Amino acid sequence: MARSSAAGLLSSLRSRGGDALLQPLRPVSLLLLLHGGGGGGAGGWQRAMSTGSAARAKEEKEAWWKEAMERMRNIGISAHIDSGKTTLTERILFYTGRIHEIHEVRGRDGVGAKMDSMDLEREKGITIQSAATYCTWNGYQVNIIDTPGHVDFTIEVERALRVLDGAILVLCSVGGVQSQSITVDRQMRRYEVPRLAFINKLDRMGADPWKVLNQARSKLRHHSAAVQVPMGLEEEFQGLVDLVELKAYYFQGPNGEKVVEADIPSNMEGLVTEKRRELIEVVSEVDDKLAEAFLNDEPITSSDLKMAIRRATVARKFVPVFMGSAFKNKGVQPLLDGVLDYLPFPTEVENYALDQNKSEEKVLLSGNPAGPLVALAFKLEEGRFGQLTYLRIYEGVIRKGDFIINVNTGKKIKVPRLVRMHSDEMEDIQEAHAGQIVAVFGVDCASGDTFTDGSVRYTMTSMNVPEPVMSLAVSPVSKDSGGQFSKALNRFQKEDPTFRVGLDVESGQTIISGMGELHLDIYVERIRREYKVDAKVGRPRVNFRETVTQRANFDYLHKKQSGGQGQYGRVCGYIEPLPMGSPTKFEFENMIIGQAIPSNFIPAIEKGFKEASNSGSLIGHPVENLRVVLTDGASHAVDSSELAFKLAAIYAFRQCYAAAKPVILEPVMKVELKVPTEFQGTVTGDINKRKGVIVGNDQDGDDTIVVAQVPLNNMFGYSTALRSMTQGKGEFTMEYLEHLAVSQDVQMQLINTYKANKGAE
């Protein structure tokens, strides 16, 4: 019964206009049949089960969802700043019919790109928040996340890649592989994301895709080859030759929407043959099936090559390189075809969860919509209607009105509203299944929480969150706006794990910390715009750290008698630096043999040392890479308490800290500069003055690329200085590298400043 009703539905739909009609229906309506919705479907399945054809019904059921899954792609678009990610997304949305006119990124026409929905993004021409959307191309559903390129918003890229199955790495044909391209590629490796590369801006002066391809091989260690060859470059860029299908494509019409297929121009046949052979050779190195055909000199058909590229790309052994110019509307449609042909669908990617009932044992998720619900909240936003939580569903189905359980907190929550996002617009849906990216309203949770239907206790692995490197003191100008001010800070902290808010105990100031000057500036600006609170900003402050360099012993007795119960606690042991590359920043070890200190007081001692290490005595910054070992102590039958031992630990730490030869650590940044060669001397001289170490020097046409490691404390206001040194032609990017010890003179200077400030208070 079920088989015939399902088959009947399928054939009637096909007769009414082919597969096209099926597409909008597949993800949701076909699943209603699976889950007993859609009228007679449920009864059909039950009857099929009862008549003994359970196995056949199961096959039918699986066929539905497998087909729905195979027609889905979850991709991200990432790159260095100004490589054209948002412009590319705008064109993809236009060609797939999601938007009906194209707008440019800087919003010169007063509208701005669809994916840059914040006013700040449109004004500055940069992406600040990653935005999600979806579209349909050739009957496939494609979920897209457009991510920022600026290193200060690196967490947006981290969390997008955490939940995606594939990605497009956009490279500029003039700029090539730049510092942020390397960072983004490293993030893609961390989350094991298969990727395509797209060399953009072939219409610009100085475009050289082959130079960029070689840079990708050398700098990113990509095993890659071009799958297209451009016809002409710069102003003469006309179209592309597809090396797999051996066809030429021209893009006509006012917005390049008409793709015209033609024969390969005769003057390019030699180059095309050479590049196709190179493509086959490179793929053969990582695909045995193609290698066999290649070595036996068998003819390799387009479909053989396409299948081999797909296998190698999904296995992350090969990166196919596409070309084009998003701004000039050339090469976007073949790139979309490449996404469907070469990037994996959700069930081709292995996703693991940790089973909390079996001491975090790794479980491979099937991606089956019929399985138990497992979804990860990877991004939060404060919308007009409350908190908007972006979910990636890994298994099962989520429906509006369902009860779901937050595994991290144990809370049971009802799903009041389920939506699909199109930048800042929403489309209400009734249900969503494994493989989809959706958003829910009114669900209180944190970024990185896992939701299930209660039948399993799985959590997804968390993402990598970099430590903030810069702080600012902020306070509202008027006393009345304190409530709105703290509301804004709480919201931003919840949305962005790299944005931290703290209180300076000594000065009573609110301190915000983040990934750089731009990151914090944007948040101060958002407080002003979104919460109408003017904030005063103090001078940026660097997040120094302190550490010890040698072992020092402590033996401290805390004894206090003041009528009634006294306080008594003695702790003995030593502190020492942790070995290099240690995964933890603080370690506590209890090596007491016997019961010199009752075991119930040990946690209080650890707490005391932890608290004391929050503020070192040199400049009051946290102490890192510290190991505390407790070897002996003494307690009193009546006067010992948790408080007494906690205080004993705090004073013991202060007593021995100076003997451990403490040093101050400062954040050192990796700075990449691109300046015209004529200014190279001035710029490198200035880097030396800022106590920077130059680690790389490269020539790129008329420009010099300098890579240096510079203390963050010496980089304030550098963008202005660089502009004046290079007549506005220089550009730089900066990212956190590590904390390193400061020189002796800087240490003395910092200690004196700290003491003077303390004395003034």
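**Conversation on the structure**

User: Which residues is Gly608 in contact with, leaving aside its neighbours within four places in sequence?

Analyst: Gly608 is in contact with Lys646, Ala649 and Ile650, once neighbours within four places in sequence are set aside. Please note that this is a predicted model.

User: Where is Gly608, and is it buried or exposed?

Analyst: Gly608 has its place in helix α16. The residue is buried, with a relative accessible area of 0%; the cut-off for buried is under 20%.

User: What separates the C-alpha atoms of Gly608 and Ala649?

Analyst: The separation of those two C-alpha atoms is 5.1 Å, although Gly608 and Ala649 are 41 residues apart along the chain.

User: What about the chain overall: how many helices and strands are there?

Analyst: The chain has 20 helices and 39 strands. It comprises 761 residues, of which 54% count as buried.

User: And how much of the contact is between residues 24 or more positions apart?

Analyst: Taking the contacts in the chain with a separation of 6 or more, 71% are accounted for by residues 24 or more positions apart.

User: Back to single residues. Where is His621 found?

Analyst: His621 is in the loop between α16 (602-612) and β34 (623-624). With a relative accessible area of 10%, His621 counts as buried, because the limit is under 20%.

User: Which residues does His621 touch?

Analyst: Not counting residues up to four places away in sequence, His621 touches Arg541, Val542, Asn543, Phe544, Arg545 and Glu546, and also Asn614, Ser615 and Gly616.

User: Val706 next. Which strand is it in, and is it buried or exposed?

Analyst: Val706 belongs to strand β38, which covers residues 703-711. Val706 is buried, at 1% relative accessibility.

User: Which residues surround Val706 in terms of contact?

Analyst: Apart from neighbours within four places in sequence, Val706 is in contact with Val671, Glu672, Leu673, Thr684, Ile694, Gly696 and Asn697. For one of these, Leu673, the C-alpha atom is separated from that of Val706 by 5.1 Å, and the two residues are 33 residues apart along the chain.

User: Changing topic to helix α12. What does it reach from first C-alpha to last?

Analyst: Helix α12 (residues 302-314) has 13 residues and reaches 18 Å from its first C-alpha to its last. That is close to the 18 Å expected at 1.5 Å a residue.

User: Which of its residues are buried, and what do they pack against?

Analyst: The buried residues of α12 are Leu305, Ala308, Ile309, Arg310, Ala312, Thr313 and Val314. They pack against the strands β1 (72-79), β5 (195-200) and β11 (319-323), and against the helices α10 (269-284), α11 (288-295) and α13 (332-342).

User: How do α12 and α13 cross?

Analyst: Their axes come within 9 Å and cross at roughly 75 degrees. That makes α12 roughly perpendicular to α13, because angles of 65 to 115 degrees fall in that class. The contact is made by Lys306, Ile309, Arg310, Thr313 and Val314 of α12 and by Leu340, Asp341 and Tyr342 of α13. By class, these residues divide into four nonpolar, one polar and three charged.

User: Now the pair α14 and α15. At what angle do they pack?

Analyst: Helix α14 (residues 482-495) and helix α15 (residues 517-531) pack at about 125 degrees, with their axes 10 Å apart. That makes α14 oblique to α15. The crossing of the two is right-handed.

User: Which residues make that contact?

Analyst: From α14 they are Gln484, Phe485, Lys487, Ala488, Leu489, Arg491, Phe492 and Glu495, and from α15 they are Tyr523, Arg526, Ile527, Glu530 and Tyr531. The contact has seven nonpolar, one polar and five charged residues.

User: Last one: where does Lys532 lie, and is it buried or exposed?

Analyst: Lys532 lies in the loop between α15 and β28 (535-537). Lys532 counts as exposed at 69% relative accessibility, and its phi is positive, near 55 degrees.

Terms used. Residues are numbered from 1 along each chain as its sequence is written. This is a predicted model: local features need pLDDT of at least 70, side-chain atom pairs count only at pLDDT 80 or more; totals for chains, interfaces and linings use all residues. Side-chain values use heavy atoms; hydrogens and water are left out. Helices (H or I, at least four residues) and strands (E, at least two) are DSSP runs, numbered from the N terminus. The expected span of a helix is 1.5 Å times one less than its number of residues. Buried means under 20% relative accessible area, exposed over 50%, partly exposed in between (1.4 Å probe, protein chains only). Contact means heavy atoms within 4.5 Å. Axes are lines fitted to C-alpha atoms, for helices over the stretch in contact, and angles run from 0 to 180 degrees between N-to-C directions. Angles under 35 degrees count as roughly parallel, over 145 as roughly antiparallel, 65 to 115 as roughly perpendicular and the rest as oblique. A crossing is left-handed if the near helix is turned anticlockwise from the far one by less than a right angle, and right-handed if clockwise. Ala, Val, Leu, Ile, Met, Phe, Trp, Tyr, Cys and Pro count as nonpolar, Asp, Glu, Lys and Arg as charged, and the others, Gly among them, as polar.
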